[in-house]
Every structure is written in C-alpha cells, then in structure tokens.
Amino acid sequence: MFIVVLATAAVVVLSRALSARLGMPNAILLVVLGAAIAFLPGMPEIELPPEVVLIGFLPPLVYYAAFFSAPREAKADAVPITALAIGLTTVTTFTVAAVLRWVLPDLGWAAAIALGAAVAPTDPVAAISIMKRLDAPVRIVTIIEGENLVNDAVALTAFVLAVEALTTHFTVGHGIARLAVVVAGGVAYGLAVGFIASRLRRRIRDPGSQIIVSLLTPYLAFVPADELGFSGVLATVCAGFYLGTRGEGLFQPASRLPGQLFWEVLVFLLESALFVLLGLEIRVIVRELTSAAWPSAVLGAAAVTAVIVALRLAWTQFIFPLSRYLPGRHIAFDHLPWRDRLAIGWSGMRGAISLAIVLSLPVSARLPQERRGERLFVTGAVVFVTLIGCASTLPGLLRRLGLAESDRVRIEYQEARKGVAEAALARLDELIENGEVDGRTGRTFRQLYEDLLDQIRAEFGEDVEEEVTDSLGLRRELVRTQREKLRRLYSKGKISAEVLRAVDRWLDLEDPDIREVG
C-alpha cells in the first residue's frame, strides 16, 4: 500500500510538470504514467475495489460538481442537457448491449445491459479542463457539466436494475416500479439532506467545523440513500445543487476562503488518484484475460468504442437539434451551431467511474468467470481510447472550429472587477456627500479604489498616469519591508510562530501581487 501511495504521488507531481510543459491534458498523462509504472519490476498488482470509488470517491466529486454548477445557465439549457444526459445515455446503454450480444453471443441481455450502463456515462474532467484552458464558449461547458451531473445517475440506475435482473426474478412491471422508487426516493432524500444541512450550517461559525460538515454532507446524502434502495448519486446531486443555490451554501464568509481551498485540493487529489489507479489496473486486466478470449475481447472493445463515439456524434448533429421542437417553452434555447454540437459530440470521454461500475458486477451473477477478463478489457479499452484519442485531439478541433476564445474570460473578469470598483467609488461619494463618512476616511478609501481601478485599466492596456505605477510599486516595497521586519522579530524571539503566521496572512491581503492573482 505504501508503494502504491508513493507511486501515485510521484505520478501526480510528474504529470503536473509535464502537462504544463507539453500542453497536454493532465488526465491523459496520469493514465499513461500510471500504466507505465504498473509494469515496473517489483510493482504490486492493483485491484481497485469498486466500493472505494463508488463510496469513497464518487460522493464528494458529484457533490462538488453539483454545488458549483451554474443554475441560471443550466435552467436555460435544460432541454439540451436532458437530451444528452437521459436520452443519449439510455440509447447508448441499450445500443452497446446489443453490440455486446452480437460479439459475445453467450452473454445474457441483463449482463449486456449492465456492461452497456458501465460505458454509457461520460467523464468530463479532461474535456472541461481543455475547454476552460482555451476559453471555449461558456454554453458548451455548461451543457457538458450539466450532462455529467445527470448521466451518472441514469447509468447507475440502469446498472442497478440490470444487476437485480441477473440475481433475482425480474419482470418489466417490477423494473418500472423500481425505477420510480430509485429516482423519486433519491431526489426526495437528497433535497431533505440539503434542507437540513442548510439550516445547520447557518448556526456554525467555526471554520474547522464548517469544513467537516461540508465534507460529511455528500456522504450523508449518498450512503443512506443507497442503503435505502434509492439512487445515491441522484441524492448527492440534489443535495449539492440545493445548497449551491442558497446564500448560506457551503460556508459562512469567514470560512469561505479556507473552505474553497480545501475542496479544490480535495477534488484535485481525488480526480488525480482515480486516473492513476486506472492506469495501475492495466496489469490486472491483462492477467484476467485468457489467450482464447483475446480475439473476442479486442473485437468487442473496437465495436463498442466505435459505436459510442459514432452514436454521440450522430446524436449531437442530427437528433440533438430536434429537442428544440419538444412541447413547451424552452427558456433561451436557440439553435446551437453545428460547430458547437461537434465540440460537444467529441467531448464524450469515459473515465474511472466506468471501470468501477463494471468491477462491481457480481462474479456469481450467472456470468461465466472467464468473461470477467473480457468485460474488464472492453471497458478499460473504451476508457483509454476515448480519453486519449478524443482529449488529445480536442484542442486542435476547438481551434479549427474557431471556438478557442483565448481572451474572453480574462476580459469578463477585468470588466467585472472594474464594474464593482466603480460602484464602490460611487457609493463612497454618496456617503461623503451625505456626511456619513468624514473627509479623511473618505480620501483614504478613495485612494485605495482609484489605485485598484488604475491597475485594472493598465491590465486592459489603457493609458494610466505614471504616478499610479509608482504607487503600486510603493505598496509592494512597503509590504516587502514589513515582511522583512516580521522575520527579524521572529528570529530574535520577540514573537511566536503563531503570531508570525497570523501577521503573514494579514500581509498577504495587503500584497497587490497576491490580490491580483486571487
């Protein structure tokens, strides 16, 4: 276990360095380096228990994505998101099941549907990271993120029902009833958890307790819902979405900065570990596959991969646009250009969740033991090909389609900063004019906001007085001098390490360079 943890940490650090230098998505390097390390001499074989991902990894990842989703944009694009998350995921599940039945004739329909559900959900980590780096249109990113929130729940629901059909007597009527219970129960329980958590967090002021409660929330939504026979994924999505749309949301203002930093680091580590562990599992997949099963496994992997890629492209180009004609009024749902649809269609990468789902298929569920290697190979091949093939070519595709808007986000960010600073100055003038603020205090705050506005104008390339640049340089010099004095006080034993860190954090807020990065 120590060797695995050490290897995973080394791969994460190395992939971050190579990703920045090579301009490749971090997820690709994590999988490739993980697979390379798996074959090093002395490296133990890794068999990732499905419960580790489905219970340990999945709840916080799903909760984080739901919490920081864009509700206004998602509402406006509810129709295309639903068409992908429910329509395409369902069609992919049954189409892949039919293909597997053709390639592996002795595979029953229930097992084929379970495997189809495993490769149906997309993993948008690589696609979203590429699109955000290239500043692709916000609407494309919103649709892909919204799709991922729901398609995991759809696929896992289909998988659970298929496994029940493998292990128990199952009828169509029973399946419809179970589907209603799984979906309705998951939604209701998730909203209840979100409601209770929102009331609880308003009473908690301690930052450490806030972080602990926020970490427990996705598990309190996922695990009990799953034990009750509901959809744990859907419950977690609903809890996260409910809290994300509330003002009291994740943290109180005093706890927001450390809380957001905690969640960003946690999600980064979880996602990185999943991709590395996926690469480390390659040896297990190769070992499980018998020599006689290689031809059918390779044929199945090629057929399934071709089907899911072609089906997604066809859906986004031909079926997807028809959703705008569905009954009802669709808020802000205008026709998506073919370029946007092509980018969405090429963003259907699969990830570690697919492998975890197929690993959880019971061995005793009327599925021949020798088929285990085949289903692991097929699923692993789909993940590798879609992740490496689609993610490596997505940046070039976005640039060729003219969807890489390199300066859009930066301009929006600076415009927002400029707007709020100007609003603060206007309000300050009103307070001074009404006599609610004395002249000395007003002049001090006015100078601060004018410096900020001049800094923003300089970043826009607008003409700025030379004295403003000197003012910013003076602030940097003064902060540097204060830090030096602080270090001298500590080295002479006049202050403790606790005071050193506290004053250092206060100087961070005064440092113009750090404020600019934030």
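Tutor: Here we go through some labels and the values behind them, keeping in mind that this is a predicted model.

Student: Why is the pair Glu147 and Arg312 called a salt bridge?

Tutor: The closest N and O atoms of Glu147 and Arg312 are 2.9 Å apart. A salt bridge needs a side-chain nitrogen of Lys or Arg within 4 Å of a carboxyl oxygen of Asp or Glu, so the label applies. Glu147 belongs to helix 8 (residues 138–167) and Arg312 to helix 14 (residues 294–319), so the pair ties together parts that are 165 residues apart in sequence.

Student: What makes Glu147 buried or exposed?

Tutor: Buried means under 20% relative accessible area. Glu147 has 1% relative accessibility, so it counts as buried. Arg312, with a relative accessible area of 3%, is buried too.

Student: How many salt bridges are there by this rule?

Tutor: The count comes to 2. Arg427 forms one with Glu430, where the closest N and O atoms are 3.0 Å apart. Both residues lie in helix 18 (residues 408–433), 3 residues apart, or about one turn of the helix.

Student: Which residues form the nonpolar patch on the surface?

Tutor: Phe39, Val286, Trp294 and Val298 form that patch, with about 350 Å² of accessible area together. Phe39 sits in the loop between helix 2 (26–38) and helix 3 (50–67).

Note on methods:
Residues are numbered from 1 along each chain as its sequence is written. This is a predicted model: local features need pLDDT of at least 70, side-chain atom pairs count only at pLDDT 80 or more; totals for chains, interfaces and linings use all residues. Side-chain values use heavy atoms; hydrogens and water are left out. Patches are made of residues with over 30% relative accessible area and no salt bridge: like charges are joined within 9 Å, nonpolar side chains (Val, Leu, Ile, Met, Phe, Trp, Tyr) within 5 Å. Accessible areas come from the Shrake-Rupley method with a 1.4 Å probe; for residues, only the protein chains shown count as cover. Helices (H or I, at least four residues) and strands (E, at least two) are DSSP runs, numbered from the N terminus. Buried means under 20% relative accessible area, exposed over 50%, partly exposed in between (1.4 Å probe, protein chains only).
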